[in-house]
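Dear colleague,

Please find below the structure that I am handing over to you, followed by an account of what was found in it. I would be grateful if you could read the two side by side.

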Amino acid sequence: MRQFWITFFGSVAGVIVGAVLTVLLLGFMLAALIASAAQQASEGRSASAATGDIVLQLDLRRTRLDQPSRSPFAFAEPLSVVDLVTTLQRAQGDERVRGVFVRANEFGMSPAQAEEIGAALTRFSESGRFVIAHAQGFEGTGITNYFAVSGADEIWMQDTSTFAAVGLASESLFLGGLFEQFGMQAEFLQFYEYKNAANTYTEDGFTEAHLEATTSYMNAIFESALAVSAADREMEAGTFRDRIVSGPHSAEAAREAGLVDALGHPAAARNAALERAGENATLQDIETYARNQVAPAQTRGPVIAMISGQGSIVTGGGETGLGGGSVIGGDAMADAIDSAAGSDDVRAIIVRVDSGGGSAIASDQIWNAVVRAREAGKPVIVSMASLAASGGYYLAAPADMIIANATTLTGSIGVVFGKVVIDGALDQVGVNIEPVAVGGEFATAYSSQTPFSETQRASVEAMASEIYDDFTGRVAEGRDLPITRVREIARGRVWTGAQALELGLVDRIGGLHEAIEAARELAGISADETVRLRHYPRQPTPMEALQQLFGLTAEGAEAASQLSALLNLPEVRAALEARDRAEARGAQMRTDERAPR
């Protein structure tokens, strides 16, 4: 009888789980279908779909990726930094767009994201349009939240909030003491003292080298942010520094110090932006504007290939499955570079990198693809985002030109290799795992149950040393630096983009905008020619991404296609356009209490 109930409940549970998974899958499919239909309908709209003057609304409080996601649910995400920069650039040529209303981040952003978005907003303002930013306080103590909007024509701040952006602060986790207490043993080899990734597991506090490097790059980021923000506010550098570090300030004190221009709630700042734009202006989220833009019908003109990668570097295609984060697959990025290099109309290649590293083997594979692209006559420009360190720098080293933001974290030319032995911790809870191996002694080298033997440690150290020699050699060759100099500035140390420029590890300071200008320069494209950015591989539609994720059948794809065609009928387009107009009116009338917090 007991067996019957076990079988019965097991079967029922299986049915329930299967039903839940089916419902989830159908929900995912429906969401992707709707997104694909909306995307196709948007592409089919005329440029006159949105009438009257527009003020774009940009919310910097939303977490955004550096590059567009290839997820089937990307339609629900805010614009990536890359898309944001290119959308603002295109908006400069749209006579309907009068300005941008920015909701500033109260607590902090990635320094390089703040720098690149701030630079894009400054270029937008210099084109004759306005930028008005509102902050419900700069409550976080890091200056990056202010750095992103310091170039705005007007900075508003809620009068009951605080200006606390006085510097930069960071906290590092160390588990060495915990591991010791529970009988765990962290065994790592680091090349060399500044390669501190393993310190989280091996130490109970900062080593001298770790603290030195961290303090150095934090100071460099702070100085870069101060210099740019002081110039944005048209204030003498020393005076600006004093006013920042003497905080926190009340809202009124911040206004009197010239750190902000006006005090008021978001609704007041929003109305000020609409009044500045003109009587009939409407507010439109920048995501909606980007989605509804009609690309110019341009089939000729020089092409610049855009190849993007974000996340850890791994071997293979880089597929992560449902809910997985972004990764850079060695196969995927190398294939994309090869494809761009083999295209006759591609004049230059931009590789955008946002990665703290990963597999040395995959990094070397991408390095080789960059070399082959150059040998094929294609200039390669690397654009570094927030991070291009360790393997992220490895793959960039052979490029014709490397461009980094001043606050990008890069370098980390080094190797870390090792494991955590957990056998002692398992013993404390009565768990025993016994490895069995045949063949050579190295077969158990990566086992988490036994420490390295002397022979295994010697072999691991030899392998890590060889990787380090390869890495530094690649850098010396790619950057045309003496190997002795590379070994001086390597040793696993992290540098900011500004520091890397002085060391010869990068060529220019800037973001994607500057990378495109460099591509024009190296490819001999004149300033009056309109270039086309072509992504390799092409960004998938939500439906295509869903097919890749779940391996949908051809019949399912055909049904999805038919539904997309149905939703793309003129009647449905009209309904979608009516929805957009209603959203625009609602955004214009939105009160402060209903605004996102």
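Of the 597 residues in the chain, 48% are buried, where buried means under 20% relative accessible area, exposed over 50% and partly exposed in between (1.4 Å probe, protein chains only). Please note that this is a predicted model, in which local features need pLDDT of at least 70 and side-chain atom pairs count only at pLDDT 80 or more, while totals for chains, interfaces and linings use all residues. Residues are numbered from 1 along each chain as its sequence is written, and side-chain values use heavy atoms, with hydrogens and water left out.

Overall composition

The chain comprises 22 helices and 20 strands; these are DSSP runs numbered from the N terminus, with helices being H or I of at least four residues and strands E of at least two. The chain exposes about 27500 Å², of which carbon and sulfur atoms supply 54%; accessible areas come from the Shrake-Rupley method with a 1.4 Å probe, and for residues only the protein chains shown count as cover. If one takes the contacts (heavy atoms within 4.5 Å) between residues at least 6 apart in sequence, 76% join residues at least 24 apart.

His134 stands opposite Trp156 of strand 4.

Salt bridges

The structure holds 19 salt bridges, each defined as a side-chain nitrogen of Lys or Arg within 4 Å of a carboxyl oxygen of Asp or Glu.

Arg123 forms one of them with Glu514, with the closest N and O atoms 3.8 Å apart. Arg123 belongs to helix 3 (residues 111-126) and Glu514 to helix 19 (residues 512-523), so this pair ties together parts that are 391 residues apart in sequence. Arg123 is buried at 16% relative accessibility, whereas Glu514 is partly exposed at 28%.

Glu187 and Arg457 also meet in a salt bridge, at 3.8 Å from N to O. Because Glu187 lies in strand 6 (residues 185-191) and Arg457 in helix 16 (residues 454-479), the pair ties together parts 270 residues apart in sequence. Glu187 is buried at 7%, and Arg457 is partly exposed at 31%.

A further salt bridge joins Glu521 to Arg508, the closest N and O atoms being 2.9 Å apart. Glu521 lies in helix 19 and Arg508 in strand 19 (residues 508-509), so the parts that they tie together are 13 residues apart in sequence. Glu521 is partly exposed at 47%, as is Arg508 at 30%.

Finally, a network of salt bridges links Asp66, Glu116 and Arg352.

With kind regards

How values were computed. Two strands pair if DSSP finds at least two bridges between them.
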